[in-house]
Amino acid sequence: MAEAKTVNLTSPDRVLYPDDGITKGDLFAYYRDVAPTLVPHLRDRPFTMKRYPHGITGEVFFQKQAPKHLPDWIPTRQFRTWPREGGSRLVDFALVNSTEAVLFMVQNNCIDMNAWYSRVDKPDRPDFVLFDLDPPDDGFELTIEVAHLIRELLDEVALPGYVKTSGADGIHVVAPIVRRATFEQTYAFAERASRLLEQRHPGKVTTEWLKKKRQGVLVDHRQNGHGKTIASVYSVRPKPGAPVSTPLHWDELTADVRPRDFTMQVALERIERHGDLFEPVLEDPRPLAAAAKKLERLGSEA
């Protein structure tokens, strides 16, 4: 007989956000409410547990291998990984395909939900190109401007982009693609687009990895590698106020927007009002090849 899907919350009063008094129980309640909207974005993606056993100010550790106490009703899939320290190993990744699986992760001290860009049936074919914007100190307003520049460039190559606050310090622009391109191709596309923007808007956009050499907002194309993870849309982030990675309409991304504006309550109210603004990321992918050709042309004209 299949094991019943139940998750018992322990230590609901444990404070995870000391400055705000936000508890594990508060996080559990949010994820229970948001899960029907969140799960489609996590479904069938290898999941990395990022665990905060002592809240956001304590140690944090990543766990790719599904824990031994994973319930039978949470599926796993095995993939080979190449750790930084060298060699390779086989890892059984959990798949977060249900509300209860999300709640199991919260019970096991995950705050944000981190999953691959690809799904298990085509692990080498990403679902999207990611533009990860990392602001300079006190430069969030400039980051908003750069997000709009990325959108304009994506419009030029006929590849729609969708925007969300990262919930931490930056902005994510996501361009959903048909699952034919490889990670090498999405990486190359993101790099070419970022360098073209850097050329067009010196001082505003940079691809410089070293922070001390940067001028402007880093558009980090390196995040488009195989096996990279991203904090999913609707993830709570380990920052003061428990901000949520929240999708926006482009016309809402005005100069006064700040990541901390989007609390758990605000995120749920927005879903109530707008539905899932990131639904097109799942439902309306476009071919990358045609966009890449157009981008190449733009680059040669620059």
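This is a predicted model: local features need pLDDT of at least 70, side-chain atom pairs count only at pLDDT 80 or more; totals for chains, interfaces and linings use all residues.

Modeller: Residues are numbered from 1 along each chain as its sequence is written, and side-chain values use heavy atoms, with hydrogens and water left out.

Helix 2 itself spans residues 99–107, where helices (H or I, at least four residues) and strands (E, at least two) are DSSP runs numbered from the N terminus. The helix is mostly covered, with seven of its nine residues buried, a term that means under 20% relative accessible area, as against exposed at over 50% and partly exposed in between (1.4 Å probe, protein chains only). Those buried residues are A101, V102, L103, F104, M105, V106 and Q107, and their cover includes helix 1 (24–42), strand 3 (46–51) and strand 6 (89–95).

Of these covering elements, helix 1 deserves a description of its own. Helix 1 packs against helix 2 at an angle of about 140°, with the two axes 8 Å apart; the axes are lines fitted to C-alpha atoms over the stretch in contact, and angles run from 0 to 180 degrees between N-to-C directions. Helix 1 is therefore oblique to helix 2, since angles under 35 degrees count as roughly parallel, over 145 as roughly antiparallel, 65 to 115 as roughly perpendicular and the rest as oblique. Helix 1 passes helix 2 in a right-handed crossing, meaning that the near helix is turned clockwise from the far one by less than a right angle. On the helix 1 side the contact (heavy atoms within 4.5 Å) is made by K24, L27, F28, Y31, R32, A35, P36, L38, V39 and L42, and on the helix 2 side by T99, V102, L103, V106 and Q107. Sorted by class, these residues comprise eleven nonpolar, two polar and two charged, with Ala, Val, Leu, Ile, Met, Phe, Trp, Tyr, Cys and Pro taken as nonpolar, Asp, Glu, Lys and Arg as charged, and the others, Gly among them, as polar.

Helix 3 (residues 140–156) and helix 4 (residues 183–200) have axes that come within 11 Å and cross at roughly 115°, and their crossing is right-handed. Helix 3 contributes L149, I150, L153, L154 and E156 to the contact, and helix 4 contributes F189, A193, L196, L197 and R200; the classes here are eight nonpolar, no polar and two charged. Helix 3 also holds L142, which counts as partly exposed because its relative accessibility is 22%. The C-alpha atom of L142 is separated by 7.2 Å from that of K204, although the two residues are 62 apart along the chain. Beyond four places in sequence, L142 is in contact with G203, K204, G216 and V217.

Two residues show what polar side chains do elsewhere in the model. Q63, in strand 4 (residues 61–63), counts as buried because its relative accessibility is 18%, and a polar contact of 2.6 Å joins its side chain to that of R51. Such a contact is a pair of N or O atoms within 3.5 Å; within protein, one must be able to donate a hydrogen and the other to accept it, and residues adjacent in sequence count only if both atoms are side-chain atoms. A polar atom of the Q63 side chain also lies 3.1 Å from the backbone oxygen of Q65. S118, in the loop between strand 7 (114–116) and strand 8 (128–134), is buried at a relative accessible area of 0%, and a polar atom of its side chain lies 2.8 Å from the backbone oxygen of P123.

To return to your point about phi, most residues other than glycine have a negative value. Y234, with phi near 75°, lies in the loop between strand 13 (229–231) and strand 14 (247–248) and counts as buried at 2% relative accessibility. A242, with phi near 50°, is placed in the loop between strand 13 and strand 14 and counts as buried at 0%.
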